[in-house]
Amino acid sequence: MARSNDFALTYFAAHEEAGMTRISLVPILHRIAEDPNYLFTEELQRLAGQCPAHADTRKEDYEKVAINTLLAFLYNDLRDHITNRMPLDADGHLLLCNPPDSPHGLDVADAAGLDAAPAETLIGFLRDSVCHLLDAIIKDWAIKVTLEEERCRAEGAITPLAAAGFVLANTLEASVLHAPSGYDMLSITKTGSHTALHVCWNLCEAAPMLKPGLTPAEYDDLSRRSLKQVLPLAMGSLGMLCQFMGAGHIEADDHQAIHPLPRHQTAFVYDAETPGGMIVLNADLIEPTAQAGERHYTGCPAFYANGLINLYMEIVLSLAARYDIYGRVLRAG
């Protein structure tokens, strides 16, 4: 049986075996908080002085540290923006919208239709809907950052938010990693939010599959407590994240976050030896993975924005409770 800390220990050891060193963004973010002018320094673009660079260090590694630091800095504002802009009805429920071109054939206004839908269809629909809702809020936030830059230019002043947005845009434009694909702050943030939601949904859906017979409140508690066991995924490299998700059968071929957790998944396992039980990740699936010449990793920038991933989890938990997702997964067998 997997133990609750096996995954993190094995995961980080595999990064080391693959030849990668972790650069924590925490001291860099502290440096920026103490002196926002650090955003404009050459040192930020040179691994932020966190470790000596090898002669063959890829340009992508330098970019990775700078870009993820800038995103992590900006994501603290994003977290607050999402919290303030989440649309709620009079009962405090999240107001969803029908996703465009939805393949699920459901309507958020048709309560009877939602109730009668098969579990997988409803889950796919809810996943799709909340992704589009967050996309709209993230777009609104990106516009806010752009307008802050424009205001600062007009007034001849500068704020840390505008500075980070400006430096990030310039870094992305010159990036050998992102520029060829046209990735910008908006597209990167949308993609990252989808991945975070996908993992949170998977955790909720895994609970009744792995431990039948609990009450909705007990499943909610199990999912919430188990999130800390899943967070190490966000602390690793993108390559190792993709490797694990593929090996555990929790990444669909089209890489979209709208697909329910398959019952043949092997990524999540139940640890009955932990008091109260815990869902943990399967460390047996980890394989050292790195690009040629890749020497550094930082983890997902959302991990460094205090409470952002937890916010995504709470969004998913609220929908799981409202639409009886635990019960539906159980009844679907």
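**Close-up views of a predicted model**

**View 1. Ile158 sits in the loop between helix H5 (119-155) and helix H6 (160-173).** Helices here are DSSP runs of H or I with at least four residues, strands are runs of E with at least two, and both are numbered from the N terminus. Ile158 is exposed, at a relative accessible area of 54%; exposed means over 50%, buried under 20% and partly exposed in between, with a 1.4 Å probe and protein chains only. Together with Phe40 and Phe166, Ile158 makes a nonpolar surface patch of about 290 Å². Such patches gather residues with over 30% relative accessible area and no salt bridge, joining nonpolar side chains (Val, Leu, Ile, Met, Phe, Trp, Tyr) within 5 Å and like charges within 9 Å. Areas come from the Shrake-Rupley method with a 1.4 Å probe, and for residues only the protein chains shown count as cover.

Two notes for every view: this is a predicted model, where local features need pLDDT of at least 70 and side-chain atom pairs count only at pLDDT 80 or more, while totals for chains, interfaces and linings use all residues. Residues are numbered from 1 along each chain as its sequence is written, and side-chain values use heavy atoms, leaving out hydrogens and water.

**View 2. Thr189 is found in helix H7 (residues 185-210).** With a relative accessible area of 2%, Thr189 is buried. Its side chain joins that of Tyr75 through a polar contact of 2.8 Å. A polar contact is a pair of N or O atoms within 3.5 Å; within protein, one must be able to donate a hydrogen and the other to accept it, and residues adjacent in sequence count only if both atoms are side-chain atoms. Beyond neighbours within four places in sequence, Thr189 is in contact (heavy atoms within 4.5 Å) with Leu71, Tyr75, Leu78, Ile138 and Trp141.

**View 3. The largest nonpolar core has 99 residues.** Tyr75, Ile82, Phe268, Leu308, Tyr312 and Ile325 touch the most other members. H5 gives the largest share of this core, 13 residues. A nonpolar core is a set of buried Ala, Val, Leu, Ile, Met, Phe, Trp, Tyr and Cys residues joined through side-chain atoms within 4.5 Å. Setting aside residues up to four places away in sequence, Ile82 touches Leu134, Ile137, Leu308, Leu311 and Tyr312.

**View 4. Asp115 and Arg328 form a salt bridge, with their closest N and O atoms 3.5 Å apart.** This pair links distant parts of the chain, as Asp115 is in helix H4 and Arg328 in helix H12 (residues 325-332), 213 residues apart. Asp115 counts as exposed at 58% relative accessibility, whereas Arg328 counts as buried at 9%. In a salt bridge, a side-chain nitrogen of Lys or Arg lies within 4 Å of a carboxyl oxygen of Asp or Glu. The whole structure holds 17 salt bridges.

**View 5. Glu205 and Arg127 meet through their side chains in a salt bridge (3.0 Å, N to O).** Glu205 belongs to helix H7 and Arg127 to helix H5, 78 residues apart. Both Glu205 and Arg127 are buried.

**View 6. Arg224 and Asp220 are joined by a salt bridge of 2.4 Å, N to O.** These residues are separated by about one helical turn because they are four residues apart in helix H8 (residues 216-230). Arg224 is partly exposed, with a relative accessible area of 36%, while Asp220 is buried at 17%.
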